[in-house]
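Here is a briefing for a first look at this protein chain. Have the sequence and the model side by side as you read.

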Amino acid sequence: MDYKKLNLLDKIKFDRDGYLLVKAMLNKDEVSKLHEIAINDKVISDKSYDRGDANGLRTKLALWYSLGDDAYSLLARSERIVNGVNLLLEGESAHFHSKLMQKEPKVGGAWEWHQDYGYWYRDGFLFPQMLSVLTALTPSTKENGCLQVIKGSHLMGRIDHGFSGEQVGASQERVDEAIKRSELLYVEMEAGDTLFFHSNTLHRSDANNSDAPRWSLISAYNLITNKPYKGDNTSSTTPIEVVKDDVLLQSSSEGIKEDANFLLKKPDKIII
Ligand SMILES: O=C(O)CCC(=O)C(=O)O
Ligand SMILES: [Fe+2]
């Protein structure tokens, strides 16, 4: 089977735009397998917590650090993803954390404008040599609150972030100005599409007012040399044990293990 491979042209686009959308990164069988595992994953639902938006709507998510042999990790460790991330980060990457985002129909809340590095800066990462890889497990549309990005906003550098309800958001003044000058894109995705985006790319999403769930898997990566100067996180500097692309379909791996190192919600902790 042919798997997508990122190339230098992709790298040029990513450097210019701050994101790169790869259609059908996962084939139909892979994404239905992963989706099926996710919706039946008792450990995930057990370890999920929710985050309120300004209107009191809540998005569920589960977040864990170290990679294992579960199906989500097999994707996060796969050659196609890790080689792509290494190309974009220009060096060997480590896996910071992964999260399963569950934006349910009618109740799934919005995310404020932010940069992921706006959060991670506070975790002690000195350089924004980090990125996120979002794979859609269901279709992601304007109606169910797909991700929105401001093209090229990663080139603005880190913007101040402050609390906005239970979330942390980027300075609205800066965001408003950025939107005047740059394109705001709604990143609509089919299940199996993957979006790579820079840790300084401004992004947000609307609440899910539709009847369709929006589920996605987001894995965050760090350049392995970018060791945070505080905190006890070791995953972000641990080499990834890369696996072949076909392992996701071939293996009998299922959901995540009960003892994976999950983040249990601490309201004062900026980690998302
Ligand atoms: O998937 C979304 O709607 C936004 C989530 C996000 O940006 C985050 O978790 O950092
Ligand atoms: Fe984010």
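Helix H1 (residues 8-17) lies across S1 and strand S11 (194-198), and runs at about 135° to S1. Helix H5 (residues 79-89) also packs on the sheet, where it touches strand S4 (93-103), S6, S11 and S13. The direction of H5 makes about 145° with that of S6. This is a predicted model: local features need pLDDT of at least 70, side-chain atom pairs count only at pLDDT 80 or more, and totals for chains, interfaces and linings use all residues. Residues are numbered from 1 along each chain as its sequence is written, and chains are lettered from A and ligands numbered from 1 in the order in which they are written.

**Terms**
- Helices (H or I, at least four residues) and strands (E, at least two) are DSSP runs, numbered from the N terminus.
- Axes are lines fitted to C-alpha atoms, for helices over the stretch in contact, and angles run from 0 to 180 degrees between N-to-C directions.
- Two residues are in contact if their C-beta atoms, placed from the backbone, lie within 7 Å.
- Two strands pair if DSSP finds at least two bridges between them.

**The sheet**
- An open sheet is built from 7 strands in the order S1-S11-S6-S13-S4-S3-S2, with antiparallel pairing.
- Its edge strands are S1 (19-22) and S2 (49-52), and each pairs on one side only.
- From one strand to the next, the twist averages 25°.

**Strand pairs**
- S6 (residues 130-136) and S13 (residues 214-223) pair antiparallel over 7 bridges. Ala-136 has Ser-216 of S13 as its bridge partner.
- S2 and S3 run antiparallel and are joined by 4 bridges. Tyr-49 stands opposite Leu-61 in S3.
- The hairpin of S2 and S3 has 5 residues between the strands, and Gly-56 takes a positive phi near 80° there.
- S3 and S4 pair antiparallel over 5 bridges. Trp-64 has Ser-98 of S4 as its bridge partner.

**Burial**
- S3 (residues 58-64) is mostly covered, with 5 of its 7 residues buried (20 or more other C-beta atoms within 10 Å of a residue's own, C-beta atoms being placed from the backbone).
- Of the 272 residues in the protein chain, 46% are buried.

**Whole chain**
- The protein chain holds 8 helices and 13 strands.
- Its C-alpha trace spans about 50 × 40 × 35 Å along the principal axes.
- Among contacts with a separation of 6 or more, 88% join residues 24 or more positions apart.

Methods:
A residue is buried if 20 or more other C-beta atoms lie within 10 Å of its own, exposed if 12 or fewer, and partly exposed in between; C-beta atoms are placed from the backbone.
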